[in-house]
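Hi,

Here is the structure I promised to pass on. Have a look at it first, and then read my notes below.

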Amino acid sequence: MRQRFIDELNEEGDIEIRTKVWRRSEILEMAGDDVFNGLLVDWVSAQRTNARDQVEEFLSDNGCLDRFKELIHRHRQGAVVPFVGAGMSCASGHRPWGDFLKSLLADARNRVADIEALLAGGRYEDAAQAVHDILGAQVFSQEIRSKLGAHCDKVAGPVQLLPMLFSDHVVTTNLDYVLINVYRLANTPFTNSFVGSALRDAPGRIGNEPHSLLRLHGEAEATHGRVLTTAEYNETYTEKRTLAELIGTIAAGRSFLFLGCSLTEDRTVRALKELNGKAAVGHAPHYAFLPQPADADRLARRGFLAEAGIHPIYYPKGDHDQMVESLLIAMIEGIE
């Protein structure tokens, strides 16, 4: 929020006195910490109030307010686990997953249309497999490392609010290191990171290491444990060890909150549908922050998500980062 305050302040224009020019934030810093911090605290307080009021207004309008209050209640009981997708890394300079896959084909632009066709059909792992086969294993891995590796350390956007809300384990499908950096900068680094085959041990260990990062698809700088392509899925998950079982064990009666996830017909959604279908008794509801669909599509979208036990909390289409930030702030502030 400090950087947001500085950026907004400087947008009002520089201060010019004769031949000297200062940015507004520089002038304020010259006034001393007491003045700067006092104005910052007032600005942050106003932002939090505005975010809460904005969320209450648009959730009342779109019929999701009661669902959001239920989410807040479950969060306060310690019963919510964040499930973080690629959309939460976009503000930090990364692309949505489909665009990222296509960006790997700079040396094979004539094949982009093939990948677009697979993505349009929801065949994400087949698209990753196709890119892998086009480039070859070594180039595929290097391109992922170059674009998502630990050297990409920019952190921006609503993902920075997660440490204020979630101090236990965090689940992600992202290969990048944004979450690692966010929690490190908040002085609450993860105690462990479970990747690939180590995820088998995660459910039994996170009780002793509750503040862990569970990376379902692996990490950018390691091929071991990566689960992106069709071959990698088939190697990792079998009839005896399914993605549904892993996700069910991680949730363990708690609710997932999906953030930055498109939630189309992908492996995660299919796994949740499998769990939902097998549930002998009622299980914990899952939630997702999603852009509001057209009125004509809402019932079908709700039904599709309900098959996976997911209940959407819609925000107005537009600035995704600003809307998600407001929702997270409203979770912190609470809505009566």
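What radius of gyration would a compact globule with 336 residues have, and does the chain agree or disagree with that? The value for such a globule would be near 20 Å, and the chain has 22 Å, so the two agree. Keep in mind that this is a predicted model.

Some overall numbers to start with. Along the principal axes, the C-alpha atoms fill a box of roughly 70 × 50 × 45 Å. The chain has 16 helices and nine strands, and 48% of its 336 residues count as buried. Its accessible surface is about 16500 Å², with 49% of that belonging to carbon and sulfur atoms. If you take the contacts between residues at least 6 apart in sequence, 70% of them join residues at least 24 apart.

Now for the inside. The largest nonpolar core has 70 residues, and Phe-68, Phe-289, Leu-328 and Met-331 are those with the most contacts inside it. Helix H16 (residues 320-333) gives this core its largest share, seven residues. Another core lies apart from it, with 20 residues, including Ile-115, Leu-118, Ala-127 and Ala-220.

Leaving out residues up to four places away in sequence, Phe-68 touches Val-55, Leu-59, Phe-289, Ile-313, Leu-327, Ala-330, Met-331 and Ile-335. Two of the names in that list, Phe-289 and Met-331, also came up among the residues with the most contacts inside the largest core.

Phe-68 is also one of the buried residues of helix H4, along with Leu-65, Arg-67, Leu-71, Ile-72, Arg-74 and His-75. H4 covers residues 65-76, which makes 12 residues, and reaches 17 Å from its first C-alpha to its last, close to the 16 Å expected at 1.5 Å a residue. After H4 comes Gly-78, with a positive phi near 75°.

For a contrast, go to Glu-307, in the loop between helix H15 (295-306) and strand E9 (310-315). Is Glu-307 buried, exposed or partly exposed? Its relative accessibility is 45%, so Glu-307 counts as partly exposed. Not counting residues up to four places away in sequence, Glu-307 touches Leu-272, Lys-273 and Asn-276. Glu-307 and Arg-270 are 37 residues apart in sequence, with 9.1 Å between their C-alpha atoms in space.

Happy to go through any of this with you.

Cheers

Key:
Residues numbered from 1 in each chain as written. Predicted model: local features only at pLDDT ≥ 70, side-chain atom pairs only at ≥ 80, totals over all residues. Heavy atoms only, no water. Core = buried A, V, L, I, M, F, W, Y, C linked by side-chain atoms within 4.5 Å. Buried < 20%, exposed > 50% of the residue type's maximum accessible area, 1.4 Å probe, protein only. Helix = DSSP H or I, 4+ residues; strand = E, 2+ residues; numbered from the N terminus. Contact = heavy atoms within 4.5 Å. Expected span 1.5 Å × (residues − 1). Rg over C-alpha atoms; globule rule 2.2 N^0.38 Å. Areas by Shrake-Rupley, 256 points an atom, 1.4 Å probe, with all protein chains shown as cover.
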